[in-house]
Amino acid sequence: MTDADDPEFEPDPERVAALRETADEIRGDSSERKQLANILYRTSDLYDAEEDTSPEEIVRNVKFILEVTERGGLER
């Protein structure tokens, strides 16, 4: 079974909206708040019918977000 066939991640517009609303509420000036908001947005993609992603892709993306922040940003 692929992640797309997993009923746990079936499209759920209400869950997408709740995760994204929470992300918008916590986003702030600190890098930690921005990171958490980005992670919530990426997680919401699992439940968005228009997105094609998997938990593994999200984990890789989150690791990348954290690594970039640790290095001081993309501008290096």
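Which residues are buried in helix 2? In this predicted model, local features need pLDDT of at least 70 and side-chain atom pairs count only at pLDDT 80 or more, while totals for chains, interfaces and linings use all residues. Residues are numbered from 1 along each chain as its sequence is written, and side-chain values use heavy atoms, with hydrogens and water left out.

The buried residues of helix 2 are Q35, A37, L40 and S44, where buried means under 20% relative accessible area, exposed means over 50%, and partly exposed lies in between (1.4 Å probe, protein chains only). Their cover includes helix 1 and helix 3 (55–71). Helices (H or I, at least four residues) and strands (E, at least two) are DSSP runs, numbered from the N terminus. The protein has 3 helices and 0 strands, in the order α-α-α from the N terminus on. Of the 76 residues in the protein, 29% are buried.

Helix 2 comprises 14 residues and reaches 20 Å from its first C-alpha to its last, close to the 20 Å expected at 1.5 Å a residue; the expected span is 1.5 Å times one less than the number of residues. Helix 1 (residues 13–26) packs with helix 2 (residues 31–44) at an angle of about 170°, and their axes are 8 Å apart. Axes here are lines fitted to C-alpha atoms, for helices over the stretch in contact, and angles run from 0 to 180 degrees between N-to-C directions. Helix 1 and helix 2 are therefore roughly antiparallel to each other, since angles under 35 degrees count as roughly parallel, over 145 as roughly antiparallel, 65 to 115 as roughly perpendicular and the rest as oblique.

The contact (heavy atoms within 4.5 Å) involves V16, L19, R20, T22, A23, D24, E25 and I26 from helix 1, and R33, L36, A37, L40, Y41, T43 and S44 from helix 2. By class, this contact of helix 1 with helix 2 holds 8 nonpolar, 3 polar and 4 charged residues. In this scheme Ala, Val, Leu, Ile, Met, Phe, Trp, Tyr, Cys and Pro are nonpolar, Asp, Glu, Lys and Arg are charged, and the others, Gly among them, are polar. With neighbours within four places in sequence left aside, L40 contacts L19, T22, A23 and I26.

The largest nonpolar core has 10 residues, namely F9, V16, L19, A23, A37, L40, L46, Y47, I58 and V62. Such a core is a set of buried Ala, Val, Leu, Ile, Met, Phe, Trp, Tyr and Cys residues joined through side-chain atoms within 4.5 Å. Helix 1, helix 2 and helix 3 each give two or more residues to this core, and helix 1 gives the most, with 3 residues.

D48 is placed in the loop between helix 2 and helix 3. This residue, D48, is buried, with a relative accessible area of 16%. Not counting residues up to four places away in sequence, D48 touches V16 and R20.

L36 of helix 2 is partly exposed, with a relative accessible area of 43%. N61 and N38 are 23 residues apart in sequence and 9.7 Å apart in space, C-alpha to C-alpha. Among contacts in the protein with a separation of 6 or more, 44% join residues 24 or more positions apart.
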